Amino acid sequence: MTDTHSKEARSYNMSRIRSKDTKPEMLVRKYLFGKGFRFRLHDKKLPGKPDIVLPKYKVAILIHGCFWHSHINCKYAVIPKSNIEYWSGKISKNLIRDIDTEKKLQSLGWRIIVIWECDLKTTKIDQTLIGLLKLLDDKNRCI
C-alpha cells in the first residue's frame with residue numbers, strides 16, 4: 001500500500017512527533033512535582049537517558065508511547081499498513097534498545113518504572129498516578 005500523504009506532508013507530520021516534553025511525560029512530571037518530588041529530566045549520564053530520574057531514590061521512570069514501544073495488546077500499538085517492513089523493523093529496534101537500557105540501568109542499581117501512554121488516558125490516569133506513588137512508597141520508602 002502506498003503512502004496517502006505527499007512526501008512534504010509526511011515529513012511535516014513526522015517532524016511534529018517529539019521525543020521530549022510529550023503530553024504523557026508532562027502529566028507525570030506535573031503530578032510528581034505537585035507531590036513534592038524533585039527530579040532530573042533525560043539524564044545524559046544514565047543509559048537511555050530516562051524520561052524522569054529521581055536520583056535521591058535511585059529510580060528511573062520511563063514513559064513509553066504505545067505505538068513507538070509496541071505495547072502488547074494495546075489498541076494504540078498498531079503497525080501502519082503502509083511500509084510495513086520499515087515500521088516493523090523500526091519498532092523492533094526500539095524494543096531491543098528498551099530491553100538493553102533496562103538491563104544497563106538495573107546493573108547500575110537503578111529501579112525502573114515503566115508508564116505506558118495508554119495508562120495516562122483520561123479513564124485510567126488517576127489510577128496510574130496513584131499506583132506510581134504506591135510503587136515509589138513500597139519499593140523505595142520514598143515518602
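**A tour of the chain and its helix 2**

Buried residues (under 20% relative accessible area with a 1.4 Å probe, protein chains only) make up 36% of the 143 residues in the protein chain. This is a predicted model: local features need pLDDT of at least 70, side-chain atom pairs count only at pLDDT 80 or more, and totals for chains, interfaces and linings use all residues. Residues are numbered from 1 along each chain as its sequence is written, and side-chain values use heavy atoms, without hydrogens and water.

Start with the whole chain in cartoon view. Four helices and four strands are there. Helices are DSSP runs of H or I with at least four residues, strands are runs of E with at least two, and both are numbered from the N terminus. Follow the sequence and the pattern reads α-α-β-β-β-α-β-α.

Switch to the surface. The protein chain exposes about 9800 Å² (Shrake-Rupley method, 1.4 Å probe), and carbon and sulfur atoms supply 53% of that area.

Next, pick Pro 24, Glu 25, Val 28, Arg 29, Tyr 31 and Leu 32. They are the buried residues of helix 2. They cover an arc of only 165° around the axis, taken from the directions to the C-beta atoms, so they lie on the same side of helix 2.

Turn to the face away from that buried side. Lys 23, Lys 30 and Gly 34 are exposed there (over 50% relative accessible area).

Finish at Gly 36. This residue follows helix 2 and has a positive phi, near 95°.
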